[in-house]
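Try each task before reading its solution.

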Amino acid sequence: MANYKALYQEVILDHNKKPRNYGTLENASHHAVGHNPLCGDHISVALNLDGESVCAIAFEGESCAICKASASMMTVAVKGKTHSDAEILIQEFLAMATGKLDLNSPNHIGRLAVFAGVCDLPTRVKCAILPWHTLHAAFNSVASASTEADADPMHAPIGNA
Amino acid sequence: MIAVQTALASPSLSAPVLRSSVLGVTTASWMPAMESFAPFDVERIRADFPILQLQIDGKPLVYLDNAASSQMPQPVIARLVRYQTAEHANIHRAVHYLSETATAEYEAARRKLQRFINAPDEREVIFTSGTTDAINLVMHGYGRKFIKAGDEIILTTLEHHSNIVPWQMLAEETGAQIRVVPINDAGELLIDEYENLFNERTKLVGVLHVSNALGTINPIKQMIAFAHDHGVRVLVDGAQAAPHLAVDVQDLDCDFYAFSGHKLCGPTGIGVLYGKADLLEKMQPFKGGGDMILSVSFEKTTYNTIPHKFEAGTPPIAAAIALGSAVDYLSAIGMDAIAAHEHALLSYATAQMVEMPGVRLIGTAKNKAAVISFTLDGVHPHDVGTLLNQEGIAVRTGHHCAQPVMTRFKVPATSRASFAFYNTLAEVDALVAGIRSVQKVFA
């Protein structure tokens, strides 16, 4: 059955406990705040572009372990990358989280593959992708991102009571 | 097969003395009370629920999300099958055998629901699609006709969004104002504050009987009496009360009482609005269509009598009949016995969880239904939910459609275990062990 057992692995728990690049960024050139209205989680991503290259990036917010670890590992992965390479990674991560990426074909996912199992947990996909939506919004100077946005590949109402 | 121990056989029951008079159990301690409902055989009851035999990823299902939706026993499933197999047709229409049968069964279900809540008249029981639909019916049928600009509606901090948003929509439309009863740190309504909110502009009180997020049982009889002394009508959201307490709308003297079928061992898509007949007569219809009319012409339409005036279109006939079967099932067990068993589960779970380091209980009202909302230090509720799921334990995590409650307790979300009469003390133990293992993962 689901390989979500693998989801709470050491590396994710470690990034949750000791998030990298956590905090604010002075004089950020790009910034966005992402919300997950389903759970009230929010995350802000700030970065500085030096020409085409991400020279500094930071995030902060209130979120679950999956979201926080995803954000932490995202900042590590995109730091030093060009804007266009980061956008490619964003698309690959979104594809992986929604089960649409063939991990055996060439890709740039690397250690981020620890999040592959989230595609078996539809209600948790949004947790993993929120930081990536927010990064995309920051690049495009969109003031806020939301996993409920029309562009959200997992857009679907999730029940309540 | 799930390893279970019955409530009666459990050697580990050492629950504290808790107030229980509200649940109809008058004993001061739970041990004598346990003996007093000796006929309550949780194992026999569990055997009626096929879904409770499920394994989730190799682990026995421990279903503790009953406040969201409860499970359906075999007799109710069988009733649905029998209806679809041998009784189905549209109702209140044709003269053929199946239509007569379906109509008779549908109306018989209405009378079962009438008895379940002790409504004086079957015409006062309106089938809706659920509690939300029932509240919206009152908003459109009563609110839009009788509530005007400047009028005030009293709600409480504990309300589910379904008893907030319709009134906000009405307020926006009419210019009416919403006043909110605050709660204390235990999650109990501040009744003095409630009474102080009344003035000559107050037109309606909307209050839930039992809080879905915290389990608080509100003193609604007292609140209704106070409102009536001021000439104010009261709508009670009974979604969380009807499955767990004996509800008597005549004793409560409420003007409206709404509840859902799927929290009551019935199907989704069916619910009930009880309303006093004289009020229902004065109200305007909510939805227009077939069945809710006596005659239609392009010049003039005459509405049907109650309850049909509020049941436009073909209703969920099978669901209504199955809900009738569900309340028969619950009544056979006895709502007082159900309440007592669930309270024993609550006491047992609470006693263990208050002792656990890093566990914070949200909602510690003296009068509580079997709901435990909690947070774990350093662990987000969604992580709690996913990790408990790996142990086969189903809890709800999130804001429980009660964001004002979350805001009041300064938490974005909680984890919530909500019990039903088919839960066992062994399942409480599984929950406690599950929470410990979550804490270990995040240690």
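The exercises below go from confidence to folds and then to the contact between chains.

This is a predicted model, in which local features need pLDDT of at least 70 and side-chain atom pairs count only at pLDDT 80 or more, while totals for chains, interfaces and linings use all residues. Residues are numbered from 1 along each chain as its sequence is written, with chains lettered from A and ligands numbered from 1 in the order in which they are written.

**Exercise 1. Find the part of chain B where the pLDDT is below 50.**

Step 1: pLDDT is the predictor's confidence in each residue, from 0 to 100. Chain B averages 91, and 91% of its residues score at least 70.

Step 2: The pLDDT is below 50 over residues 1–37 of chain B, although this stretch has 68 contacts in the model beyond near neighbours in sequence. Two residues are in contact if their C-beta atoms, placed from the backbone, lie within 7 Å.

Step 3: Where pLDDT is low, predicted coordinates should not be read in detail.

**Exercise 2. Work out the strand order of the open sheet of four strands in chain B.**

Step 1: Helices (H or I, at least four residues) and strands (E, at least two) are DSSP runs, numbered from the N terminus. Two strands pair if DSSP finds at least two bridges between them.

Step 2: The order is 13-14-17-16 in chain B, with antiparallel pairing. Strand 13 (359–362) and strand 16 (396–398) of chain B are the edges, each pairing on one side only.

Step 3: Look at one pair. Three bridges join strand 16 of chain B to strand 17 (residues 414–418) of chain B, and Thr397(B) stands opposite Ser415(B).

**Exercise 3. Trace the chain from strand 5 to strand 6 of chain B.**

Step 1: Strand 5 (residues 152–156) and strand 6 (residues 177–181) of chain B pair in the parallel sense over five bridges. Thr156(B) stands opposite Val181(B).

Step 2: Right-handed means that, with the strands pointing away from the viewer, the path from the first strand over the helix to the second runs clockwise.

**Exercise 4. Describe chain A and its contact with chain B.**

Step 1: Chain A has four helices and four strands, in the pattern α-β-β-β-α-α-α-β along the sequence.

Step 2: The contact takes 16 residues from chain A and 18 residues from chain B.
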